[in-house]
Amino acid sequence: MVSLLRANSEHPDFIELVRHLDAELKVRDGDDHAFYNQFNKIDLIRHVLVAYLDQTPAGCGAIKLWDDRTMEVKRMYVVPENRGKGIAGAILQSLETWAAELGYERCILETGMNQPEAIRLYQKSDYIQIPNYGQYAGIENSVCFEKNPEMNKKELKEQYKAIKPRIGVFQIRNTGNGKVFVEGSANLDKIWNRHRAQLNFGDHPSATLQQDWKTFGENSFVFEILGELTLPDEATDSDAKKEMKLLESMYIEELQPFGDKGYNKKPTKG
């Protein structure tokens, strides 16, 4: 039998479950783990749920204040041997109830593209995908959701569709030596935030760009849009990605941002 305990982040069973969660996320997130981990501290979380199956800790979740009408769902986890038993859904529903009891109108959350089972849970629980919020804006591996009982699914979907990100190709240019890093993005307005965060945390995928960032300093680098795509409304995400990659390859072919000219890794032949 599953039971749920309301607690705070100092509860020892919650702390132990989070330790296992972080170990799993470190594998799933890969190179992005350092970026995500900075937002997953538990010391300021006041509202925690611990799920027990036959009196054994089986999962956890939490809500954290986002703004005066919103709680953010955090630290959702079920131990592997107890997945598929409805525990995560029970935790999520109880967190929503708790947030409503506290007077908050909606819940938001972020999960990763590498967590498909979590995405399915939130979709099944009537969460609607929204533009990435706050610190996750521009992070292409993040997926953000909202559940707002005051708005129906149609209204939320229309609100999301109305915010169309710009798609295209950009460069990060070192004004000190002229070298550039060229890449395509599905969200030109937000992607600079991601690269800047990676560079400031020391985990950018381009080791040469990372080294020059350290040598020259952040103020020596500028973000510039090289080309932008205009796609018909009926274009799918797959269509957009295909066109973006084609435009990216054209600029890389033109600029040759390798070696002394840039920070991209030169593709191997064959």
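Predicted model: local features only at pLDDT ≥ 70, side-chain atom pairs only at ≥ 80, totals over all residues.
The protein has eight helices and 10 strands, and of its 270 residues 44% count as buried. Its C-alpha atoms fill a box of roughly 65 × 40 × 40 Å, taken along the principal axes. Among contacts between residues at least 6 apart in sequence, 63% join residues that are at least 24 apart.

- Within helix 7, which spans residues 207-216, the buried residues are Leu209, Gln210, Asp212 and Trp213. When helix 7 is seen down its axis, these buried residues fall within an arc of 165 degrees, so they line one face of the helix.
- As background to such a pattern, an α-helix has 3.6 residues a turn, so residues three or four places apart point the same way.
- On the face of helix 7 that is turned away from the buried side, the exposed residues are Ala207, Lys214 and Thr215.
- Just after the end of helix 7, Gly217 takes a positive phi of about 95 degrees.

**The contact between helix 6 and helix 7**

- Two packed helices are described by the angle between their axes and the distance between the axes. For helix 6 and helix 7, the axes come within 10 Å and cross at roughly 75 degrees; the two helices are therefore roughly perpendicular to each other.
- Helix 6 contributes Trp192, Arg196, Gln198, Leu199 and Asn200 to this contact, while helix 7 contributes Leu209, Gln210 and Trp213.
- Sorted by class, the residues in the contact of helix 6 with helix 7 are four nonpolar, three polar and one charged.

- Strand 8 and strand 10 run antiparallel and are joined by seven bridges, with Gly168 standing opposite Glu228 in strand 10.
- Strand 8 also pairs with strand 9 in the antiparallel sense, here over six bridges, and Arg173 stands opposite Val180 in strand 9.
- The hairpin of strand 8 and strand 9 has five residues between the strands, and in this hairpin Gly178 takes a positive phi near 85 degrees.
- Five of the six residues of strand 9 are buried, so strand 9 is largely enclosed by the rest of the structure.

- A second open sheet, made of seven strands, has the order 1-2-3-4-5-7-6 and mixed pairing. Strand 1 (2-7) and strand 6 (128-130) stand at its edges with a single partner strand each, so one side of each is left without a neighbour in the sheet.
- Strand 4 (residues 70-78) and strand 5 (residues 106-112) pair in the parallel sense over three bridges, and the bridge partner of Glu72 in strand 5 is Ile108.
- Helix 3 (residues 87-101) packs on this sheet, where it touches strand 1, strand 2 (47-53), strand 3 (56-67), strand 4, strand 5 and strand 7 (142-147), and its direction makes about 155 degrees with that of strand 4.
- Helix 4 (residues 116-124) also packs on this sheet, touching strand 4, strand 5 and strand 7, and its direction makes about 160 degrees with that of strand 5.

**A residue in strand 5**

- Thr111 lies in strand 5 and has a relative accessible area of 3%; because the cut-off for a buried residue is under 20%, Thr111 counts as buried.
- Leaving aside its neighbours within four places in sequence, Thr111 is in contact with Ala118, Ile119, Tyr122, Asn141, Ser142, Val143 and Phe145.

Notes. Residues numbered from 1 in each chain as written. Heavy atoms only, no water. Buried < 20%, exposed > 50% of the residue type's maximum accessible area, 1.4 Å probe, protein only. Helix = DSSP H or I, 4+ residues; strand = E, 2+ residues; numbered from the N terminus. Arc of directions from axis to C-beta. Pairing = 2+ DSSP bridges. Contact = heavy atoms within 4.5 Å. Axes fitted to C-alpha atoms, helices over the stretch in contact; angles between N-to-C directions. Parallel < 35°, antiparallel > 145°, perpendicular 65-115°, else oblique. Nonpolar A, V, L, I, M, F, W, Y, C, P; charged D, E, K, R; others polar.
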